[in-house]
Amino acid sequence: MNPVSSISYKKYFPASQFSSETIQSTLNLSMTSLQGELKWWQSGIIYQIYPRSYQDSNGDGVGDLPGITARLPYVASLGVQAVWLSPIFKSPMRDFGYDVADYCDIDPVFGTLEQFDALVAEAHRLGLKVMLDYVPNHTSSDHAWFQEALTGKASAKRDWYVWRDPAPDGGLPNNWKSFFGGPAWTLDEASGQYYLHQFLPSQPDLNWRNPDVRAAMFDVLRFWMRRGVDGFRVDVIWLLAEDERFLDEPENPDADREVVGGQIEHSTLLHIYTQDQPETHDYVREMRRVIDEFDDRMMVGEIYLPLDKLLPYSGTPEAPMVHLPFNFHLILLPWDAQTIRQFADEYDAASNAAGAWPNWVLGNHDQHRFKTRVGAAQYRVAQTLLLTLRGTPTVYYGDEIGMENVPVPPEKMVDPSGLQQPDSPDAGRDPERTPMQWEAAPGAGFTAAGTEPWLPLTDNFAQVNVQVQEQDSQSDLNYFRALTRLRQEQPALVGGSYRSLDSGHADVFAFERELNGERLTVWLNFRGEERAVAATGQTLLSSRGDQPAAQSPLRGHEARVVLG
Ligand SMILES: [Ca+2]
Ligand SMILES: [Ca+2]
């Protein structure tokens with residue numbers, strides 16, 4: 001046993017012969033050398049909070065900023081590095097905050113700027129970074145800029161949005177479609193022109209070709225960075241610019257296979273003129289220069305694109321773009337050991353070649369809960385994968401306690417994307433946005449007893465909640481914490497290289513992480529049957545909560561992390 005291996009052995013197997021002094025000095029040494037090389041957004045875990053559903057502090061059934069602030073000690077206890085808050089800005093909430101009416105103010109439902117400052121101060125006191133959601137592609141139609149643009153073609157703000165005359169036959173300017181169904185154009189009857197909206201008609205696209213728009217939107221970033229914000233998640237960053245010729249988009253021959261998030265109608269076209277345009281790359285480079293005006297800030301871009309189009313959003317050392325282009329492939333790929341191995345190999349090699357830092361995501365506010373998607377039996381396999389692959393993990397609130405999709409009956413549905421298919425109980429994004437399950441009490445500890453939360457609670461919140469899981473050493477919550485602790489104690493899991501291994505089984509994905517001679521292997525059984533594996537060394541962690549010998553067969557649905 002080498003000195004490094006004693007660290008975790010001691011932690012997880014208290015009968016170890018090694019003294020705590022040895023362990024502590026070795027740990028400090030390895031973490032110090034690593035911290036010198038990696039930034040917080042590389043070594044840490046990002047935890048996404050959907051503010052409407054985290055904690056209601058005033059009994060109106062909707063989560064708010066004081067509620068989040070009160071729960072930050074819990075967030076810190078998870079071993080994560082940063083909280084990302086989905087939009088908290090002034091908004092009519094037609095798309096629940098992704099329709100911003102004032103980028104520099106807090107919506108009253110969430111609180112005030114003073115309460116936001118208090119949240120940032122408490123987060124920083126706890127060693128947590130704060131990331132905000134930045135929504136640059138579109139404003140709310142209630143925004144003062146759009147209201148001014150609506151006053152007529154001569155308005156100074158008219159060109160801040162994208163306007164087109166009707167087609168010669170008086171119809172739509174072209175065939176572009178909205179993500180939420182229907183055309184991407186709405187007629188402004190007063191002027192006789194159409195305006196562009198890639199989402200709801202109440203979410204007009206900003207005209208990023210206009211330098212005044214860019215200047216105003218960059219000042220928004222500066223406003224929040226001066227207030228102490230450490231980073232931004234940038235909403236639909238690959239949609240900023242549209243092709244200037246406004247040509248029809250071609251039909252998508254693979255439409256049936258490419259439906260993401262129920263956006264059936266939108267997927268019928270190939271979005272060659274509305275997505276991933278060269279000008280968008282230019283604007284993202286400009287955006288990055290604004291971020292770099294401040295010390296140690298970052299941005300992660302929401303980008304649903306295949307790998308060859310995703311990685312360029314990292315930019316180059318001379319002209320960097322986003323620090324992390326979100327990699328959603330663990331969500332999009334079939335849950336299959338070989339498919340995921342192949343992608344992980346390709347992504348790791350491509351990231352290295354591009355000089356880009358990798359990242360991984362299993363769930364967010366736009367995707368069904370991963371425990372529902374992969375199945376309860378595979379839940380810990382997926383969680384282990386997320387937290388041991390090379391790259392920054394982003395964790396969606398509630399996934400640490402194994403929250404699942406909550407069926408939302410049609411009369412309770414509120415998501416505009418779900419309302420396209422009101423007959424389907426798992427349509428849209430409401431099922432993954434339900435209130436955090438804190439305790440077995442009425443309101444689940446999320447809201448006051450007797451208050452109806454804005455989305456329904458799941459039926460089983462009395463069993464699946466933080467309070468119950470805190471008291472159970474074998475709970476999903478404590479398994480999550482064991483994984484984050486392992487990352488803190490094993491620098492190879494954070495900064496080490498990645499290499500997949502031949503496990504000998506098509507349904508077992510195995511890989512190694514290696515740093516300065518310290519080697520860990522991760523073994524993930526994607527099936528319910530036992531599989532013999534050639535692991536050697538010491539088991540640091542098993543999803544079964546016990547300490548099997550490394551070389552013992554991998555049990556059904558087991559995830560195992562082995563040192564050596
Ligand atoms: Ca509230
Ligand atoms: Ca756009």
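Domain bounds here come from an automatic or database domain assignment. The model is predicted.

**Exercise 1.** State which residues form each domain, then describe how domain 1 and domain 3 meet.

Solution. 
- Step 1: Read the assignment. Domain 1 is made of 14–137 + 210–239 + 278–489. Domain 2 covers 144–196, and domain 3 covers 496–563.
- Step 2: List the contributors. Domain 1 gives 24 residues to the contact, and domain 3 gives 29 residues.
- Step 3: Find the area. About 2200 Å² is buried between domain 1 and domain 3. Carbon and sulfur atoms give 63% of that area.

**Exercise 2.** Classify the packing of helix α7 against helix α8.

Solution. 
- Step 1: Locate the helices. α7 spans residues 211–226 and α8 spans residues 278–291.
- Step 2: Take the geometry. The angle is about 30°, and the axes lie 10 Å apart.
- Step 3: Apply the cut-off. Angles under 35 degrees count as roughly parallel, so α7 is roughly parallel to α8.
- Step 4: The α7 and α8 crossing is right-handed.
- Step 5: Name the contact. From α7 come Arg214, Phe218, Leu221, Arg222 and Met225. From α8 come Tyr283, Glu286, Met287, Val290 and Ile291.
- Step 6: Sort by class. The α7 and α8 contact has seven nonpolar, no polar and three charged residues.

**Exercise 3.** Do likewise for helix α4 and helix α5.

Solution. 
- Step 1: α4 (residues 65–77) packs on α5 (residues 113–125) at about 10°, with axes 9 Å apart.
- Step 2: That angle makes α4 roughly parallel to α5.
- Step 3: Contact residues include Leu65 and Leu72 of α4, and Phe116 and Leu119 of α5.
- Step 4: The classes are nine nonpolar, two polar and one charged.

Definitions and conventions. Residues numbered from 1 in each chain as written. Chains lettered and ligands numbered in written order. Predicted model: local features only at pLDDT ≥ 70, side-chain atom pairs only at ≥ 80, totals over all residues. Heavy atoms only, no water. Axes fitted to C-alpha atoms, helices over the stretch in contact; angles between N-to-C directions. Helix = DSSP H or I, 4+ residues; strand = E, 2+ residues; numbered from the N terminus. Parallel < 35°, antiparallel > 145°, perpendicular 65-115°, else oblique. Left-handed = near helix turned anticlockwise from the far one by under 90°. Contact = heavy atoms within 4.5 Å. Nonpolar A, V, L, I, M, F, W, Y, C, P; charged D, E, K, R; others polar. Buried area = accessible area lost by both parts, 1.4 Å probe.
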